[in-house]
Amino acid sequence: MVRRRLRKAQTGSQMRRFSALWCFQTRTSSAQSVGTGSTNCEDEFVNNHNRAGNAWCTELSRSVSVPPREWQMERAFQTALALLRPEVVFILGDVFDEGKWSSPKNWDDDVCRFQKMFRHSSDTELVVLVGNHDIGFHYEMDWFKLQRFEKAFNTTSTRMVTKKGVNFLLVNSVALHGDGCPICQSVEKQLYTLSRNLNCSLENSQSSIINEFCRDAWTYPPTPPIILQHYPLYRESDAGCTGRDAAPPEERHLLFREKYDVLSQEASHRLLQWFKPRLVLSGHTHSGCQVLHDNQYTEISVPSFNWRNRNNPSFILGSFSPSGYGLSKCFLPEESTVIALYCSTVASLLLLPLVHCLWIRGLLRCLDFCPISKHKSL
Ligand SMILES: [Zn+2]
């Protein structure tokens, strides 16, 4: 893994610090056919995505019991845990590929596979956010799918997680459609309450007089939150993105659709105004992106963790205190490099006996014609 420093800001050495690791879009696929190793590649095949480019993978996956890209993800995650030992891991949604369509049995199978792949010790907390592939886009989402997800991961889709004085605001961004749907109303109400509590905590820390509005507010550490959500905040396109794994030039100027590729302008503005976060981390788009909103709010879109979606997946390693943070981007091996290494190794193993035979034959021929070997001693 290669680590690149993204940003280092106000790292208060006197503060308690802890490390966290982000990845997203793990997309454990639905088990469509037990025993033949249904994989992401097969899902791609079924879903008509990149058919030609992944045909080799589909064929390979049919012949092995462990889907290769799930095995890659598992090894990458377990290696990252062993090397970096984060205290908390956040997965920014799209845990499953077809969670929105899964039958109860397939859902249970997928959850079991996810728990096996992303197993961790009790020293590390795993926090999972909800994405559109888990419960569907807004028009597909319902209480059954949302509660099934929350039950599987023992979570609430919108809540505050506080670690050593650092506030992480987890947002169900699928429900920020703003159309007054029951789930949207519930999430907006929770966000409003969290915003009030947090702003009251900040206000109370700066003044000895308690505002009547804040009298029964829940108290949080008085520090702006770090927002974690699946959809990125509104941006017109990836044109303003920076980063080594930002979208390629031919995709950078494609316009995003509000409420589909990114949050709506209204929902984005409201989140920033209500919480004034010191950092926003999001997923959904497959490319990395670092942008600045309103010239003061940094957002980093974490690219996919799955080789299915890009050749160079990565994750973010963060170190936090209540007043600062440092981030590093950790790149996994490129799939093309891994495949090239496997192919060259197999080719070498196949060629080795042939070279050996040719070398022996050449040596024998040489001895046969060599004057020394033909010379008879007197
Ligand atoms: Zn998504």
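Mentor: Let us begin with a definition: the expected span of a helix is 1.5 Å times one less than its number of residues. Keep in mind throughout that this is a predicted model.

Trainee: What span should the 14 residues of helix H4 have, and how far apart are its end C-alpha atoms?
Mentor: Helix H4 comprises residues 104–117, and at 1.5 Å a residue its 14 residues should span 20 Å. The distance between its end C-alpha atoms agrees with that expectation, being 20 Å.

Trainee: Within what arc do the buried residues of H4 fall, seen down its axis?
Mentor: The buried residues in H4 are Trp107, Asp110, Val111 and Phe114. They line one face of the helix, because, seen down the axis of H4, they fall within an arc of 100 degrees.

Trainee: Which residues are exposed on the other side of H4?
Mentor: The buried residues of H4 have a cover that includes helix H6 (143–152). On the other side of H4, the exposed residues are Lys105 and Lys116.

Trainee: Is Leu81 buried, partly exposed or exposed?
Mentor: Leu81 belongs to helix H3 (residues 68–84), and, leaving aside residues up to four places away in sequence, it touches His120 and Thr124. A residue counts as buried if 20 or more other C-beta atoms lie within 10 Å of its own, and as exposed if 12 or fewer do. Leu81 has 19 other C-beta atoms within 10 Å, and is therefore partly exposed.

Trainee: Which elements are included in what covers the buried residues of H9?
Mentor: In helix H9 (residues 265–275), Ala267, Ser268, Leu271 and Phe275 are the buried residues. They cover an arc of only 100 degrees around the axis, so they lie on the same side of H9. Their cover includes strand E6 (166–171), helix H7 (182–206) and strand E7 (226–229).

Trainee: Which strands stand at the edges of the open sheet?
Mentor: The open sheet has six strands with mixed pairing, in the order E5-E6-E7-E8-E10-E9. Two of these strands each have a single partner strand, so one side of each is left without a neighbour in the sheet: E5 (159–163) and E9 (289–293).

Trainee: Which residue in E10 is the bridge partner of Gln290?
Mentor: Strands of a sheet pair through backbone hydrogen bonds, either parallel or antiparallel. E9 and strand E10 (residues 297–301) run antiparallel and are joined by five bridges. In E10, the bridge partner of Gln290 is Ile300.

Key. Residues are numbered from 1 along each chain as its sequence is written. This is a predicted model: local features need pLDDT of at least 70, side-chain atom pairs count only at pLDDT 80 or more; totals for chains, interfaces and linings use all residues. Helices (H or I, at least four residues) and strands (E, at least two) are DSSP runs, numbered from the N terminus. Two residues are in contact if their C-beta atoms, placed from the backbone, lie within 7 Å. Two strands pair if DSSP finds at least two bridges between them. The arc is that of the directions from the helix axis to the C-beta atoms.
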